[in-house]
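Biologist: Walk me through how the labels in this model get decided, would you? I'd like each one set against its cut-off.

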Amino acid sequence: MLYTQQDYDDIKQLNKKLWIKILIATAIYITAIVVCSVTRINWPGYVVAAAWAIYVVFLWGTQGARIRRYHLFLKDIKEGLEKEITGSVKEVDSSITSSDHMEFYTVIFDDDSADPKSPSRKLYYDAAKGVPNMVQGEKLKITLFGNYIKGIEKI
């Protein structure tokens with residue numbers, strides 16, 4: 001299998017670190033607001049509020065959305081239904097495709113159990129796992145979650 005408990009634990013740790021950064025920034029913000037309220041000087045509070053908002057939005061945009069989405073993806077992979085198909089690799093795209101703040105390699109796969117007239121399946125290999133080690137024409141047994149590759153076994 002491509003995904004292990006260690007992958008899930010690592011992304012949970014990253015998620016935890018992200019929320020700690022946001023909570024520290026929020027604590028600084030609240031402290032500054034209280035100090036500004038007590039001293040009756042408003043402009044530092046406005047500056048701190050603007051800096052806090054910019055920091056949190058920047059942090060969520062650069063890290064948070066990706067970490068959260070990958071965490072949910074790994075949870076779905078771990079708990080979701082899986083399906084096994086056998087067939088041959090038709091094409092492995094070397095460019096990365098983005099979907100829902102995650103990156104994948106596209107693999108075109110000919111399913112042996114499908115109708116010969118049916119089109120090839122488009123599968124997604126997680127780019128965080130590196131470049132897929134597949135060769136065109138290679139026979140494989142693939143474990144799927146939806147169209148996402150969960151496991152690969154050579155036949």
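Modeller: Happy to, starting with K141.

Biologist: Why is K141 called partly exposed?

Modeller: Because its relative accessibility is 26%, and the label covers whatever falls between buried, under 20%, and exposed, over 50% (1.4 Å probe, protein chains only). So K141 counts as partly exposed. Mind that this is a predicted model, where local features need pLDDT of at least 70 and side-chain atom pairs pLDDT 80 or more, while totals for chains, interfaces and linings use all residues. Numbering runs from 1 along each chain as its sequence is written, and side-chain values use heavy atoms, leaving out hydrogens and water.

Biologist: What makes K141 and E84 a salt bridge?

Modeller: The N to O distance is 3.4 Å, and the rule asks for a side-chain nitrogen of Lys or Arg within 4 Å of a carboxyl oxygen of Asp or Glu. So the pair passes. K141 sits in strand 4 (residues 139–145) and E84 in strand 1, so parts 57 residues apart in sequence get tied together. Strands (E, at least two residues) and helices (H or I, at least four) are DSSP runs numbered from the N terminus. E84 is partly exposed too, at 47%.

Biologist: How do you know that K150 pairs with E82?

Modeller: Their closest N and O atoms are 2.8 Å apart, inside the salt-bridge limit. K150 belongs to strand 5 (residues 148–154) and E82 to the loop between helix 2 and strand 1 (83–99), so this pair links parts 68 residues apart in sequence.

Biologist: And is K150 buried or exposed?

Modeller: Buried: its relative accessible area is 9%. E82, at 43%, is partly exposed.

Biologist: How many salt bridges does the structure hold?

Modeller: Six. One of them joins D112 and K139, with closest N and O atoms 3.1 Å apart.

Biologist: What makes the largest pocket a pocket, and what is its volume?

Modeller: On a 1 Å grid over the protein atoms alone, a pocket is an open set of points with protein on both sides within 12 Å along at least five of seven lines, the points being ones where a 1.4 Å probe fits. Filling it with probe spheres set on the points, joined across faces, edges and corners, gives about 220 Å³.

Biologist: Which element gives the most to its lining?

Modeller: Helix 2, with three residues. The lining, whose members have an atom within 4 Å of a point, includes I11, Y70 and D126. By class it has seven nonpolar, one polar and three charged residues.

Conventions
Nonpolar A, V, L, I, M, F, W, Y, C, P; charged D, E, K, R; others polar.
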